[in-house]
Amino acid sequence: MSKERESGKVLLRRHHDMGGLPAGPVEASEHDYAPWEKRVDAILRLLADSKRRLITTDELRRGIEELGPGAYDEMSYYERWIASVTNNLIEKGVLSVDELGRRMAEISAAWPAGTEEKP
Amino acid sequence: MTARFSVGDPVRVRAAFPPGHVRTPFFVRGKAGRVTQVLGPYRNPEELAYGRSGEPALPLYRVVFETAELWDGYQGAPQDTTLVDIYENWLEGA
Amino acid sequence: MTHDHDSDRGHDHGPHPYQPDLEAAPLTHYQAMTQAVGELLIEKGVFSADELRAMLEAIDAKSPAAGARMVARAWCDDAFKARLLTDVNKAAEELGIDAGAIPIRAVENTPDVHNVIVCTLCSCYPRLLIGLPPDWYKSRAYRSRTVREPRRVLAEFGTAIPEDVEVRVHDSTADLRYMVLPARPAGTEGWDETALADLVTRDCMIGVSLPKSPGA
């Protein structure tokens with residue numbers, strides 16, 4: 001959280017609440033979404049649909065906000081999404097930490113070009 | 001839940017700064033605006049975000065602000081406006 | 001972080017849909033997480049592989065073209081325009097377009113008003129109608145500055161709004177999504193809807209630009 005002084009009071013603005021803050025020019029950047037990014041979107045939509053109702057947009061957003069201030073600079077958009085979706089699924093007991101860790105290790109080990117080091 | 005405000009009513013956004021998930025942007029808190037539309041009842045996102053029902057639903061309003069009143073030294077035109085959707089628990093009469 | 005592997009739109013084969021051009025790059029932590037979450041949810045029966053595949057196809061099927069068709073119809077049919085301005089989702093149904101369950105509202109550009117859409121808290125966007133948002137829409141620069149200095153942001157997109165026009169910024173923070181109904185360009189009298197739809201870009205439905213000129 002950043003602290004802002006307004007009329008003598010120290011107010012708290014959460015890091016994702018960025019309307020009006022100074023920033024550089026808008027770079028007209030875009031990329032075609034990679035298959036894994038669309039997969040994140042598809043997983044979320046299925047979990048949130050009327051058949052499952054396992055997660056709400058509100059929970060997704062809360063989870064992204066709770067990733068902390070660094071998340072906006074260090075993680076890409078869909079990295080934040082899958083991190084939040086996964087945390088929500090762990091909290092709800094749909095997935096366990098242990099099974100996620102094992103499956104991610106299996107997937108990484110089988111990947112031809114290895115795994116990128118990322119904390 | 002009956003909507004407390006009607007189209008045209010002057011309102012002020014509460015100057016509150018709670019922790020947790022909120023949908024009222026920092027830049028309109030404490031600011032005065034006017035209701036331009038009553039959008040209907042929507043489940044409370046501040047509750048939904050934590051896995052709860054979000055009931056009772058809250059009236060949601062479109063509130064219009066004079067952009068020049070939101071920012072010191074606004075460099076646009078005086079007639080410019082900013083519209084934000086705000087839930088009733090964040091509004092008080094002005 | 002950018003990904004430019006769009007040449008490969010192949011479908012999944014089995015639980016590990018590895019794709020040749022992607023395999024050349026190291027797997028990131030979050031890509032492995034995405035793969036693991038998808039596989040585990042399928043194994044647990046939360047959703048099926050077919051449901052996931054169908055959803056991926058549905059995402060690919062969304063594009064600004066759906067919004068452009070609606071704008072072009074509104075330019076030709078005042079009664080449709082009135083319905084579009086009341087409820088985009090319902091108006092979409094008339095054209096056989098599924099705009100999803102999240103309510104979308106259209107805001108109209110007029111000689112006196114120019115609208116532009118932003119989401120300062122997140123990056124809400126009418127994605128169920130016009131597809132996934134461009135990267136810049138989700139960027140810190142766009143989200144921070146559009147409410148504070150909208151005319152400068154518009155100028156960076158090459159869009160100059162006259163001083164006597166009201167710039168109306170919509171911050172979509174809550175349960176509704178917004179799209180701009182741009183004004184019909186001059187010089188298009190007598191054009192049919194298909195030709196008109198070609199002038200309607202994604203960016204003019206966000207409000208950072210105007211429709212293409214008929215001569216361009």
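1. Of the 216 residues in chain C, 57% count as buried, where buried means under 20% relative accessible area, exposed over 50% and partly exposed in between, with a 1.4 Å probe and protein chains only. This is a predicted model, in which local features need pLDDT of at least 70 and side-chain atom pairs count only at pLDDT 80 or more, while totals for chains, interfaces and linings use all residues. Residues are numbered from 1 along each chain as its sequence is written, chains are lettered from A and ligands numbered from 1 in the order in which they are written, and side-chain values use heavy atoms, with hydrogens and water left out.

2. Chain C has 11 helices and four strands, these being DSSP runs numbered from the N terminus (helices H or I, at least four residues; strands E, at least two). Its domain assignment, which comes from an automatic or database source, gives domain 1 (28-61) and domain 2 (64-206), and the centres of these two domains of chain C, taken over C-alpha atoms, are separated by 31 Å.

3. C:Leu41 lies in helix 2 (residues 29-43) of chain C, and it counts as buried because its relative accessibility is 0%. Leaving aside neighbours within four places in sequence, C:Leu41 is in contact (heavy atoms within 4.5 Å) with A:Ile43, A:Leu47, A:Leu89, A:Val94, A:Leu95, C:Val46 and C:Phe47.

4. Helix 8 (residues 140-148) of chain C is mostly covered, with seven of its nine residues buried, and C:Arg143 and C:Arg145 are among them. The buried residues of this helix pack against elements of several chains, including helix 3 (71-74) of chain A, helix 2 (67-70) of chain B and strand 2 (113-118) of chain C.

5. The structure holds one cavity of 30 Å³ or more, a cavity being a set of points on a 1 Å grid over the protein atoms alone where a 1.4 Å probe fits but cannot get out, with lining residues having an atom within 4 Å of a point. About 90 Å³ of space lies in the largest cavity, the volume being the space filled by probe spheres set on the points.

6. Which residues line the largest cavity? Among them are A:Arg61, A:Glu65, A:Trp81, C:Ser123 and C:Arg143, and helix 2 (57-65) and helix 4 (77-91) of chain A each supply at least two residues of the lining. C:Ser123 and C:Leu41 are 82 residues apart in sequence and 26 Å apart in space, C-alpha to C-alpha.

Terms used. On a 1 Å grid over the protein atoms alone, a cavity is a set of points where a 1.4 Å probe fits but cannot get out, and a pocket is an open set with protein on both sides within 12 Å along at least five of seven lines; lining residues have an atom within 4 Å of a point.
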